[in-house]
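Subject: Structure handover

Hello,

Here is the structure I said I would pass on. Please open it next to this message, and my notes on what was found in it follow.

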Amino acid sequence: EYGVMDCPRLQTVKDLMLSVYLPAIHSQGGGKGVLQAPMDGVDHTPLPTEFAYDKDHHASAIEISDDGTKATLTQNPHERHAAWAFGNIPISRGRSEITVRFEKGVPEFVGVCHREVNKDRPLAHRKNKHHMWCCGKNGMVFNRGEEVEGAAEFAEGDTFLMDLDLDVGTIEFVKNGKDRFKIEGVHNEVLLCVGISGVGDTVEVLPLRSQGGDSEEKLTQ
């Protein structure tokens with residue numbers, strides 16, 4: 001480890017930055033570098049690069065697969081309403097596409113929500129409904145407590161994409177690449193949320209991408 005004054009070859013800004021951050025990197029387990037929190041007190045650990053489920057934030061009736069891509073309801077949820085699983089990456093700006101597949105059965109709800117949502121309460125609960133933008137299995141769309149009809153109903157095997165644009169505050173639900181329904185008013189930082197009510201039902205998160213920045217930047221297919 002070197003201090004700034006101990007290294008005579010500091011000639012560029014890049015060198016200076018490396019001299020500050022390299023001491024915070026330590027080799028652990030097979031030589032993988034792990035970034036420790038620097039002295040500024042800010043957590044600089046990089047976010048995951050692909051969407052999956054958060055293994056530490058879901059209802060107790062939900063089981064998350066080892067790779068984080070599948071959520072399965074293993075027992076009847078609390079008070080018989082949908083049990084919630086949430087995404088691992090918070091989204092606060094730009095364009096993001098989140099895609100899930102109904103591997104077995106169909107979920108009650110799929111959409112995005114604020115982190116304030118209670119994982120053990122139903123969507124209609126007063127503490128949840130104003131923090132969620134979801135599509136229901138019967139084609140009903142829930143926009144912060146308001147219910148709107150017109151989306152396509154769910155079926156087992158469907159692929160369901162959420163095209164989220166937080167620069168303009170919209171989310172478009174797209175079933176199997178053709179049935180589309182868009183709502184407005186999405187704001188602040190949100191997470192993927194999936195509500196499952198049938199024991200054994202499984203919802204898989206497919207390889208996904210998130211893109212920060214201006215909404216004019218197009219996502220590649």
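Asn-188 has a relative accessible area of 53%, which is over 50%, so Asn-188 counts as exposed. Please keep in mind that this is a predicted model. Asn-188 sits in the loop that runs between strand 14 and strand 15 (191–196). Its phi is near 60°, a positive value in a residue other than glycine. That deserves a note because most residues other than glycine have a negative phi.

Asn-176 also has a positive phi, near 55°. Its place is the loop between strand 13 and strand 14 (179–184). At 37% relative accessibility, Asn-176 counts as partly exposed. The two strands around Asn-176 form a hairpin, with three residues between strand 13 and strand 14. Strand 13 and strand 14 run antiparallel and are joined by six bridges.

How many aromatic pairs does the structure hold? There are six. In one of them, the rings of Trp-84 and Phe-109 have their centres 5.7 Å apart and their planes at 20°; planes under 30 degrees apart count as stacked, so this pair is stacked. Trp-84 lies in strand 6 (residues 83–87) and Phe-109 in strand 8 (residues 109–113), so the pair links distant parts of the chain, 25 residues apart. Trp-84 counts as buried at 0% relative accessibility, and Phe-109 counts as buried at 14%.

Phe-160 and Phe-173 form another stacked aromatic pair, with 5.7 Å from centre to centre and 25° between the planes. Phe-160 is in strand 12 (residues 159–165) and Phe-173 is in strand 13 (residues 170–175), so this pair ties together parts that are 13 residues apart in sequence. Phe-160 counts as buried at 2% relative accessibility, and Phe-173 counts as buried at 1%. Both residues belong to one aromatic cluster, together with Phe-102 and Phe-154.

Next, the nonpolar cores. Which residues of the largest nonpolar core touch the most other members? They are Tyr-53, Ile-62, Phe-160, Met-162 and Ile-171, in a core of 37 residues. Leaving out residues up to four places away in sequence, Phe-160 touches Ile-98, Thr-99, Val-100, Phe-102, Val-110, Cys-135, Phe-154, Phe-173, Val-174 and Lys-175. There is also a second, separate core of 11 residues, and Trp-84, Val-117, Cys-134 and Phe-142 are among its members.

Cys-134 and Phe-142 turn up again in the strand pairing. Cys-134 stands opposite Phe-142, which is in strand 10. Strand 9 (residues 132–136) and strand 10 (residues 141–143) pair in the antiparallel sense over three bridges.

Both strands are part of an open sheet of seven strands, with the order 3-6-15-8-9-10-11 and antiparallel pairing. Which strands stand at the edges of this sheet? They are strand 3 (53–58) and strand 11 (146–148). Each of these has a single partner strand, so one side of each is left without a neighbour in the sheet. On average, neighbouring strands of this sheet are turned by 25° against each other, direction ignored. When you look at strands in the model, recall that in a regular strand the side chains alternate between the two faces of the sheet.

Is Glu-204 buried or exposed? At 15% relative accessibility, Glu-204 counts as buried, because the limit for buried is under 20%. Glu-204 lies in strand 16 (residues 202–205). Its contacts, not counting residues up to four places away in sequence, are Tyr-53, Thr-69, Lys-70, Thr-99, Val-100, Arg-101 and Glu-103.

Last, some totals. The protein chain has one helix and 17 strands. Of its 221 residues, 43% are buried. Among contacts between residues at least 6 apart in sequence, 62% join residues at least 24 apart. The chain exposes about 12500 Å², and carbon and sulfur atoms supply 47% of that area.

Regards

Conventions
Residues are numbered from 1 along each chain as its sequence is written. This is a predicted model: local features need pLDDT of at least 70, side-chain atom pairs count only at pLDDT 80 or more; totals for chains, interfaces and linings use all residues. Side-chain values use heavy atoms; hydrogens and water are left out. Rings of Phe, Tyr and Trp (its six-membered ring) pair if their centres lie within 6.5 Å; planes under 30 degrees apart count as stacked, over 60 as edge-to-face and the rest as tilted. Helices (H or I, at least four residues) and strands (E, at least two) are DSSP runs, numbered from the N terminus. Buried means under 20% relative accessible area, exposed over 50%, partly exposed in between (1.4 Å probe, protein chains only). A nonpolar core is a set of buried Ala, Val, Leu, Ile, Met, Phe, Trp, Tyr and Cys residues joined through side-chain atoms within 4.5 Å. Contact means heavy atoms within 4.5 Å. Two strands pair if DSSP finds at least two bridges between them. Axes are lines fitted to C-alpha atoms, for helices over the stretch in contact, and angles run from 0 to 180 degrees between N-to-C directions. Accessible areas come from the Shrake-Rupley method with a 1.4 Å probe; for residues, only the protein chains shown count as cover.
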